[in-house]
Amino acid sequence: IFFRMQTYGQMIHAVPVQQSRTPAYLQLVSIFATVFAAVFCLGYALSPNSAPVQHYVMTAPSQTIAAPRTLTKLPKLPRTAAQQIPSTGHVGAVRLHATGTEEVRRDTTIPRPPVDPKKTVLIGVAADSGCGKSTFMRRLTGIFGGGSPTPLGGGFSAGSWETNTLVSEKTTVMCLDDYHLNDRAGRKVTGLTALDERENNFDLMFEQMSALRRGEKISKPIYNHVNGTLDTPEEIAPSPIMIIEGLHPMLDDRVAGLLDFSIYLDISDRVKFAWKIQRDMAERGWALEDIKADIEKRKPDFDKYVAPQKAKADMVIEVLPSQIAPPKDENAPCDYLRVRLIQKTDTKFFDPVYLVEKGSTINWKPCGDSLQCEFPGVQFQYYPETYMGNSVEVLEMDGVIHNMKEGLYVEKFLHNTATKEFGEMTKLLLEAINAPGGDNGTGFMQTLAALKIREIYERATGETV
């Protein structure tokens with residue numbers, strides 16, 4: 001601008017002397033005002049804050065990626081005393097800004113009319129990867145009808161984007177991996193795992209979950225599990241039933257405080273090892289020692305950042321090796337399972353499921369004179385317990401339910417199942433008999449959890465499904 005002013009000044013002083021000084025002065029002022037206005041308008045137009053945002057929570061101002069990428073320190077999050085992280089002396093506690101766009105992807109195929117915030121519930125499901133969350137999500141969303149949940153936008157295979165979000169008529173399932181601070185390459189620089197709370201943006205998670213609770217749309221980031229990248233954000237609109245699933249739905253007290261109900265899928269180390277052997281050896285060609293090393297590498301951070309959420313959960317589904325048909329040795333598959341449904345007794349809108357008589361202690365083997373069962377049969381227990389400092393009631397199943405007759409016989413002795421009619425639970429079990437855990441305690445307890453979530457929604461909102 002200074003250079004232009006000098007040029008314009010030279011032009012003005014070069015005019016014929018017979019012109020008066022007043023027009024030259026006014027001309028100079030006019031030129032200055034024009035240049036200033038043009039520069040101001042151009043700067044405002046290019047400003048990232050110039051666009052108005054109404055009832056819409058953006059992820060963050062865009063970051064320009066330089067080569068090499070610029071590193072900034074991880075944000076400091078407010079933590080309770082129990083969440084304080086001791087200093088490790090790790091120099092690489094940094095964040096890579098792996099996205100640099102304000103573009104937002106939108107799915108116009110799913111109608112999302114405005115939702116009354118008082119008519120919504122937010123459910124949190126915590127678990128490690130490979131612990132059956134996907135199967136549980138299908139059971140949980142299926143209870144609300146509206147068809148099977150589909151990827152937001154149709155998914156990458158349908159020509160859309162790579163998404164972790166599942167939607168149906170009434171439900172939205174969001175994966176909390178989308179709130180990783182860094183992409184896969186960034187975590188190699190920081191030296192931290194995705195389980196570490198410092199690698200997750202809890203401030204943004206809380207901000208956006210709060211916005212959904214208020215009935216506002218959000219622009220949610222996407223973590224691409226295929227490429228390990230942070231992709232263009234996607235628009236999420238509120239729905240009557242919103243579920244957040246992943247490693248840390250209850251780790252941050254602010255996010256946990258937004259939840260209407262919380263569930264923790266607790267897969268014991270022995271069962272997790274057996275499942276990873278089945279998946280990684282058969283499908284990925286891993287060696288047994290590689291699987292053991294992978295589990296051990298994740299275990300310290302899992303025990304520090306994920307497992308403690310069990311104490312906060314309203315319900316824990318704990319999966320253990322069977323006691324009535326245990327595995328043959330330490331490396332053998334867990335063909336049969338013992339599953340405990342651990343239920344807090346003081347949760348709003350929730351009454352624990354019980355067997356025969358509430359508050360009693362029962363060990364029940366229904367297979368006998370009244371019911372002929374195939375091997376290994378089935379055994380139930382029900383009892384009160386103190387679990388991680390909380391008073392709970394536990395319903396336990398060990399073994400297998402094979403058919404309608406066995407399911408109906410067991411259902412007859414269960415109470416507070418939240419079924420609409422007798423036989424509904426057995427029907428739901430048999431509809432998913434071929435799904436993972438369809439005939440054992442994992443499917444049984446997940447089905448009960450889905451029924452109870454439906455009941456919680458109806459009690460909390462006054463709506464009927």
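Because the model is predicted, local features need pLDDT of at least 70 and side-chain atom pairs count only at pLDDT 80 or more, while totals for chains, interfaces and linings use all residues.

**First stop: Phe-144 and Tyr-457**

A search of the whole structure finds 9 aromatic pairs (ring centres of Phe, Tyr or Trp, its six-membered ring, within 6.5 Å; planes under 30 degrees apart are stacked, over 60 edge-to-face, the rest tilted). Select Phe-144 and Tyr-457: this pair is edge-to-face, at 5.9 Å centre to centre with 90° between the planes. Phe-144 sits in the loop between helix H3 (133-142) and strand E5 (150-151), and Tyr-457 in helix H11 (residues 441-461), so the pair ties together parts 313 residues apart in sequence (helices, H or I of at least four residues, and strands, E of at least two, are DSSP runs numbered from the N terminus). Phe-144 is buried at 5% relative accessible area, and Tyr-457 is buried at 5% relative accessibility (buried is under 20%, exposed over 50%, partly exposed in between; 1.4 Å probe, protein chains only).

**Next: Tyr-354 and Tyr-382**

Here the ring centres are 6.4 Å apart and the planes at 45°, so the pair is tilted. Tyr-354 belongs to strand E14 (residues 354-355) and Tyr-382 to strand E16 (residues 378-387), so parts 28 residues apart in sequence are tied together. Both Tyr-354 and Tyr-382 are buried.

Finally, select Trp-364, Phe-380, Tyr-409, Phe-413 and Phe-444, which form one aromatic cluster.

Note on methods. Residues numbered from 1 in each chain as written. Heavy atoms only, no water.
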